[in-house]
Amino acid sequence: MTDRAWKAFERRLSRALGTHRIPVTGERAGADFADGLFCYQAKLGRRCPAYLREWLAGIVAAGNHRGLVGVVVWKPKGTRDREALVVVRFRDWCDLHVGTSGRRSAPEKSLTVNRGDSCEHCGAPFTPATRGHGNRRRYCTNRCRILAWAARQPERVA
C-alpha cells in the first residue's frame, strides 16, 4: 500500500515528539500517536480559520519580541470556558515538550532510566523506572523542563 500524505504527516509529528505512530488496527480509539502525558490526533488538509492564523502569527511575533512562547486561547461564542482551545505552533510545542527542536528520529538511547541518570536542569537523580514510550527521561519534573527551556531562549529585550 502506498504511503498516504496524512500517514506520513502523522509519522513526522510523532517522530518530532520522540514517539511512534499508532497503526490503524482498531485499537487506537482515535489517537494517531501518544506519549506519557498526551494522546494526539493529527489533521491534514483541514482549513484553519484565517483569523485564527492571524492571531497566532501576531502573538508569536509579540512573544518572540519578549523571548516568550506565543499562545492563542480560543473559545467560540456560546461554549463553556473549559471547552476553549489552546493553539500553539508545533515547533514551540516540541521545544517545550521534547526539549529539542527538529528531532528527526526516535531516541537512540534506551528508554530505561539507569541508576546514574539525573535531571539535566537541577541534577536530581532519577529512581530506576522503565519507560515504554517517548524519549529517555531528561528532567525530574515539568517545572525543570520549562526552566531548562526558558534558559535556552534568547535574553528578553528590554
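Select F38 to begin: F38 is partly exposed, at 32% relative accessible area (buried means under 20%, exposed over 50%, partly exposed in between, with a 1.4 Å probe and protein chains only). The model is predicted, so local features need pLDDT of at least 70 and side-chain atom pairs pLDDT 80 or more, while totals for chains, interfaces and linings use all residues. Residues are numbered from 1 along each chain as its sequence is written, and side-chain values use heavy atoms, without hydrogens and water.

Now show the aromatic rings. The structure holds 5 aromatic pairs (rings of Phe, Tyr and Trp, the last by its six-membered ring, with centres within 6.5 Å; planes under 30 degrees apart are stacked, over 60 edge-to-face, the rest tilted). F38 sits in the loop between β1 and β2 (39-40) and W93 in helix α3 (residues 90-97), so the pair ties together parts 55 residues apart in sequence (helices, H or I of at least four residues, and strands, E of at least two, are DSSP runs numbered from the N terminus). W93 is partly exposed at 24%.

Next, select Y51 and W74. Their pair is tilted, at 6.4 Å centre to centre and 55° between the planes. Y51 belongs to helix α2 (residues 50-66) and W74 to strand β3 (residues 72-74), so parts 23 residues apart in sequence are tied together. Y51 is partly exposed at 38%, whereas W74 is buried at 19%.
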